[in-house]
Amino acid sequence: MSARILPVFAVGAALLIASCSGESGGTAAPAPTSSAAPASSSSAKPSPSTSAAPPSSAAAEGTGGDAVERYEAFMHAAGREDLATVCEIAGPAAKQAEDQGMGPCEKTMPMAFQLISPTQKKALQSATVDRSKIKEGAKRVEIPARAVKASVKFTDSDLGDAVMENRGGKWYVVD
């Protein structure tokens, strides 16, 4: 599965640098990048803090709606090259990739952003997910590339599928 990693990064929608395994194993934690904002982050709005206690909501735990919203925020952040937000939401996948020798998210993502065309970046900033095309579970939501709606057509080869997982009440990209 590693072969699809670079195209996913290139589009920035999944940035799933650790998709060698379909399972996250439950051991990867969100990357601790949000507690110390990277110097290269130029986000206009602050990224969610991973140091705060996550909200525990039965609604958030039992629906993929929050996962879709979080994935959309992830795509928008990728389109803006918002390093802090991308690395926070993709923390488990980024940690997995780092463990496999790809380097920390803060170092690999700026390179990935360079591979995304300006047209694709602009499209990602307003991309949405067609909820009728996702596969929902209580703690896991699969978002196929074909579910992403944007002003630019993204194919499976340049976007890839994403898996969101609920960890402690927050949704993260894990694959």
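## A buried disulfide

Cys 87 is buried, with a relative accessible area of 0%, and in this predicted model Cys 87 forms a disulfide with Cys 105, the two sulfur atoms lying 2.0 Å apart. Because Cys 87 belongs to helix H4 and Cys 105 to helix H6, the pair ties together parts that are 18 residues apart in sequence. Cys 105 is likewise buried, with a relative accessible area of 4%.

The angle about the S-S bond is -90 degrees, and the link between Cys 87 and Cys 105 is left-handed. A search of the whole structure finds one disulfide.

## The largest nonpolar core

The largest nonpolar core has 36 residues, and the members that touch the most others are Tyr 71, Met 109, Val 129, Ile 143, Met 164 and Val 173. Several helices and strands each supply at least two residues of this core, among them helix H4 (83-89), helix H6 (105-114), strand S3 (140-143) and strand S5 (162-167). Helix H3 gives the most, with seven residues.

If its neighbours within four places in sequence are left aside, Met 164 is in contact with residues including Ala 67, Arg 70, Tyr 71, Ile 89, Ile 143, Trp 171 and Val 173.

## Helix H5 and what it packs against

After H5 comes Gly 101, whose phi is positive, near 95 degrees.

## The hairpin of S5 and S6

Strands S5 and S6 pair in the antiparallel sense over four bridges, and one of the residues involved is Glu 165, whose bridge partner in S6 is Tyr 172. The two strands form a hairpin with two residues between them, and Gly 168, in the turn, has a positive phi of about 65 degrees.

In a regular strand the side chains alternate between the two faces of the sheet.

Notes:
Residues numbered from 1 in each chain as written. Predicted model: local features only at pLDDT ≥ 70, side-chain atom pairs only at ≥ 80, totals over all residues. Heavy atoms only, no water. Core = buried A, V, L, I, M, F, W, Y, C linked by side-chain atoms within 4.5 Å. Buried < 20%, exposed > 50% of the residue type's maximum accessible area, 1.4 Å probe, protein only. Contact = heavy atoms within 4.5 Å. Disulfide = S-S within 2.5 Å. Pairing = 2+ DSSP bridges.
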